[in-house]
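I opened the model today and kept short notes on what I looked up. The entries follow.

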Amino acid sequence: MPFALNPERDRELDEILTRYPTKMAACIPALHLCQDQNGWISDEVIAWVSGRLDLPPAHVKGVVTFYTLFNQEPVGKHQVWVCRTLPCALRGAGDVLGHCQKRLGIKEGETTADGKITLRTAECLASCGTAPMMQVDKEYHENLTLEEVDKILDKLRQG
Amino acid sequence: MLKRTNYLTKVYGMPNGWQLPTYERESRGYETARRVLTTMTSEQVVAEAKKANIRGRGGAGFPMGIKWSFMRPHPTKPAYLVVNADEGEPGTHKDRTLMEQNPHAIVEGCIIGCYAIGSHTAYIFVRDELHLSKARLWGAIKEAKAKGYLGPRPFGKNYAVDVVVHTGAGAYICGEETSLLNSLEGRRGEPRLKPPFPAQAGAFGCPTTVNNLETIAAVPTAFMLGCEEFSKLSAIHHLNDGGVRLFGVNGHVKKPGVFECAVGLTLRELIYDLGGGIKDDKELFAIIPGGSSTPVLRAEDVVHAPDEKSPLHSWHGKSVLDVPLGVDTFRGIGTMLGTCCATVMAEGTDPVLAFHNLMRFYRHESCGQCTPCREGSAWLFRIAEKLVEGTCSMDELNQLHDVANNIMGNTICAFGEGTAMPALGFLKKFRKEFEAYVKGERHGKDARLTTGPLS
């Protein structure tokens, strides 16, 4: 099915375009808007962005495949990113990740059977001073204990 | 020398500390930008800025004033100020606190910076994950526009300034300045060949200055105090390393966090006085002084500077923990100051596992453009995997040197060095521990990096 941004997001993209001297500069912000709406970047999304910004589809595809935050396949309703880089690892990120895997019954990179949660690992999220931490959708949860991880996961499962 | 200051962090933790009324009341907000724009020429601003001795806070430590002076007006093209807030160097967590808790200092710094280099637009490049930071920055920009501090005539001066927040999409490499510019332009974040340097052809092919976010945030304070006075706050002002900065400490300390102090603080003060000492009162084992790319130090390392002319001579024979944290002082002890956020490891930490963790990071984040880095970072990680699995031979261990040395100097950007330096650093400082894995005396199957269970 062809993709298009909804009118509200499309107006936001119009406003974003005024910030830059080129249309190409709006490529990453436009892809973020599309992903907010669609959940992932499908070929249809790439085709739409390429038409909207007058860019070759190959350019847009090249951008999508370069950046880790663009989902190249469908993901769960919520995304849980556990930071596992050294400063977090020193403060127990391994335990947090292991706990999430056990509680959700999935491995990193997988989505729960009900499609609610995708569990992922992240490389350094700039929260080394408040480690261990995880990002849930657009929110940071820092100075985690396993009890708090449980609370967060329970809430996501119910929501 | 421990000297805490609160120019940048005074509003931290205050109710609505990130909003304009607090910034104006507590930090004399925007008074400095008003004075600079209405009483100084841009040449005077650059000349004054040089006296501040602000060494770039992003890791390379290049003097900010000198960088500004590279900008020359172009007959047809506009100029840009680009602020690097793609904070992602493992162990670095300082810029985020500024964006979340004192965004107006950044906006005010952008006004002065734009005026100095002849730019009318500043782009703040924030990594996408930092949603609160972006919201706070946009909020600050809106408040400043409403007051007329930003816009066509800031403070009544006929010099338009606009500030825009731009977001990345998850790529550590975009913290490299030319990669960041490609990303800003809507391309894959692959670093560019230099020259041309950004000051000649940067964002959108126009003259551009790229400054770290903390560097820009320090500008209003420097001009408020007078740049020379600001520089003199530092204990190593004589080494052209001036002012105050944010010091971070993380890992195995009791109180990890970010602290503002005069430049010249030592690692011992950072770890024990500010960080509260080592978690569970263990012994200190190793420190990565300023982000994962800076070579690791062992707790028992001492300074070797027998030459009387060396700026480090007065610390000859003393512990590296007592050397002031400065750009040149830390280069002198075989590592780097980097981003000035130290990662602390307590006794019981397995350096081979720490190495493995970091090599995984670099393999994941190499952009893949240059063969030595793309292949080399994967090779380093493969050897790290074999070490931990217990299948690494002595020959392969020795290959770590060759692989790392073949990355160094053979790549477009400094990511190559950023991967090779910590690899060689770990190998040099922990050769025995690495060999123990090869000999089968240790293995990583059940090993953990934590020093105690997570409650």
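For charges I count Lys and Arg as positive and Asp and Glu as negative, leaving out His and the chain ends. The model is predicted, and I read it as such.

**Entry: chain A overall**

I looked up the charges of chain A: 18 positive and 22 negative, with mean positions 2 Å apart. I then listed the secondary structure and got seven helices and four strands. From the N terminus the order reads α-α-α-α-β-α-α-β-β-β-α. The C-alpha trace spans about 50 × 35 × 25 Å along its principal axes. Chain A has 159 residues, and 57% of them count as buried. Its accessible surface is about 7,000 Å², with 50% belonging to carbon and sulfur atoms. I also checked contacts between residues at least 6 apart in sequence: 61% of these join residues at least 24 apart.

**Entry: H3 of chain A**

I went to helix H3 (residues 43-52) of chain A and noted its buried residues: A:Val45, A:Ile46, A:Trp48, A:Val49 and A:Ser50. Their cover includes H1 (7-17), H2 (27-38) and H4 (57-66) of chain A. After H3(A) comes A:Asp54, with a positive phi near 55°.

**Entry: the cores**

Nonpolar side chains tend to be buried together in soluble globular proteins. I looked for the largest nonpolar core here and found 159 residues in it. The residues with the most contacts inside this core are B:Trp68, B:Ile124, B:Phe223, B:Met345, B:Phe426 and B:Phe434. Helix H6 (residues 103-117) of chain B gives the most to it, 10 residues. Another core, of 31 residues, lies apart from it; B:Leu267, B:Ala299, B:Cys340 and B:Val344 are among its members.

Beyond four places in sequence, its contacts are B:Val352, B:Phe355, B:Leu387, B:Leu397, B:Leu400, B:Phe426 and B:Leu427.

**Entry: B:Ala49**

B:Ala49 sits in helix H3 (residues 42-51) of chain B. Is B:Ala49 buried or exposed? Its relative accessibility is 1%, so it counts as buried, the cut-off being under 20%. Leaving out residues up to four places away in sequence, B:Ala49 touches B:Met64, B:Gly65, B:Trp68, B:Phe223 and B:Cys227.

**Entry: H7 of chain B**

I tested the length of helix H7 (residues 131-146) of chain B. Its 16 residues at 1.5 Å a residue should span 22 Å, and the end C-alpha atoms are 23 Å apart, so the two agree. The buried residues of H7(B) are B:His131, B:Ser133, B:Lys134, B:Arg136, B:Leu137, B:Ala140, B:Ile141 and B:Ala144. Which elements cover them? They include strand E3 (134-136) of chain A, and from chain B H5 (95-101), H6, E2 (121-126) and E3 (162-167). Just after H7(B), B:Gly148 has a positive phi of about 80°.

Most residues other than glycine have a negative phi, and most peptide bonds are trans. I looked for exceptions.

- B:Lys194 and B:Pro195 are joined by a cis peptide bond, omega about -5°.
- B:Pro195 and B:Pro196 are also joined by a cis bond, omega about 0°.
- B:Pro195 lies in the loop between H8 (177-184) and E4 (208-212) of chain B.
- A:Asn143 has a positive phi near 45°, in the loop between E4 (139-141) and H7 (146-158) of chain A. Its relative accessible area of 45% makes it partly exposed.
- B:Cys340 has a positive phi near 70°, in the loop between H12 (327-332) and E9 (341-346) of chain B. With a relative accessible area of 0%, B:Cys340 is buried.

Methods. Residues are numbered from 1 along each chain as its sequence is written. Chains are lettered from A and ligands numbered from 1 in the order in which they are written. Side-chain values use heavy atoms; hydrogens and water are left out. Helices (H or I, at least four residues) and strands (E, at least two) are DSSP runs, numbered from the N terminus. Buried means under 20% relative accessible area, exposed over 50%, partly exposed in between (1.4 Å probe, protein chains only). Contact means heavy atoms within 4.5 Å. Accessible areas come from the Shrake-Rupley method with a 1.4 Å probe; for residues, only the protein chains shown count as cover. The place of a charge is taken as NZ of Lys, CZ of Arg, CG of Asp or CD of Glu. A nonpolar core is a set of buried Ala, Val, Leu, Ile, Met, Phe, Trp, Tyr and Cys residues joined through side-chain atoms within 4.5 Å. The expected span of a helix is 1.5 Å times one less than its number of residues.
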